[in-house]
Amino acid sequence: MADETLFQLLHTEVVAAAYGGGRGSGDEGQRTGLTVLEGMGFRVGQGLAERLPRGALVFREELDTIKFLCRDLWGAVFRKQTDNLRTNHQFLAFTCGLLRGTLSALGIESSVTASVASLPVCKFQVVIQKA
């Protein structure tokens, strides 16, 4: 319980710093803030993947990797099922980066986007870049 609260407080401060760090105002400042948050999430995702045992990261198919993200990584980070997350767009930028960073550390280059049609539903689209 305390870990979840600390993460939420830390994330709130990170979002405030990303948006209030003298990066301009209006739409450009918001885009810059989202880019900063996505970059932070990317690095956190890489770090998480590096800490996992290498045997746990051997997947035969890309679908197995996505299942790992949805079941294991998501549950470990957010302590919630992937189908029930209340969020906002700042949180989405960090989370897209988190997923993309984890995939990158697993050797899969990708792009990750998120959309919110109606709260509390959030959909992430992972597009794997073929070499």
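Is Gly-97 buried or exposed? At 0% relative accessibility, Gly-97 is buried. The legends below concern a predicted model.

**View 1. Overall fold of the predicted chain.** Four helices and two strands make up the secondary structure of the chain. Read from the N terminus, these elements follow the order α-α-α-α-β-β. Of the 131 residues in the chain, 31% are buried. When contacts between residues at least 6 apart in sequence are considered, 53% of them join residues at least 24 apart.

**View 2. Confidence along the chain.** The average pLDDT of the chain is 77, and 79% of the residues score at least 70. Among the elements, strand β1 (residues 110-115) has the highest mean pLDDT, at 89, whereas α3 has the lowest, at 76. Over residues 84-88 the pLDDT is below 50.

**View 3. Helix α2.** Helix α2 covers residues 26-51. The 26 residues of α2 reach 38 Å from the first C-alpha to the last, close to the 38 Å expected at 1.5 Å a residue. Several glycines of α2 are buried, including Gly-29, Gly-33, Gly-41, Gly-45 and Gly-47. The buried residues of this helix also include Leu-37, Glu-38, Phe-42, Gln-46 and Ala-49.

**View 4. Salt bridge between Glu-38 and Arg-100.** The salt-bridge count for the model comes to one. The side chains of Glu-38 and Arg-100 form a salt bridge, with an N to O distance of 2.7 Å. Glu-38 belongs to helix α2 and Arg-100 to helix α4, so the pair ties together parts that are 62 residues apart in sequence. With a relative accessible area of 18%, Glu-38 is buried, because the cut-off for buried is under 20%. Arg-100, at 23% relative accessibility, counts as partly exposed.

**View 5. Surroundings of Glu-38.** Glu-38 lies in helix α2. Not counting residues up to four places away in sequence, Glu-38 touches Ala-93, Phe-94, Cys-96, Gly-97 and Arg-100. Of these, Arg-100 is the salt-bridge partner of Glu-38, and Gly-97 is found in helix α4.

**View 6. Surroundings of Gly-97.** Gly-97, a residue of helix α4, is buried at 0% relative accessibility. Leaving aside neighbours within four places in sequence, Gly-97 is in contact with Glu-38, Gly-41 and Phe-42. Glu-38, Gly-41 and Phe-42 are themselves buried residues of α2. The C-alpha atom of Gly-97 is separated by 7.5 Å from that of Val-112, and the two residues are 15 apart along the chain.

**View 7. Largest nonpolar core.** The largest nonpolar core has 13 residues. Phe-68, Leu-69, Leu-73, Phe-78 and Leu-99 are the members with the most contacts inside this core. The elements that give two or more residues to the core are α3 (62-78) and α4 (89-105). Helix α3 is also the element with the lowest mean pLDDT, 76.

Key
Residues numbered from 1 in each chain as written. Predicted model: local features only at pLDDT ≥ 70, side-chain atom pairs only at ≥ 80, totals over all residues. Heavy atoms only, no water. Core = buried A, V, L, I, M, F, W, Y, C linked by side-chain atoms within 4.5 Å. Buried < 20%, exposed > 50% of the residue type's maximum accessible area, 1.4 Å probe, protein only. Salt bridge = Lys/Arg side-chain N within 4 Å of Asp/Glu carboxyl O. Contact = heavy atoms within 4.5 Å. pLDDT = per-residue confidence, 0-100. Expected span 1.5 Å × (residues − 1).
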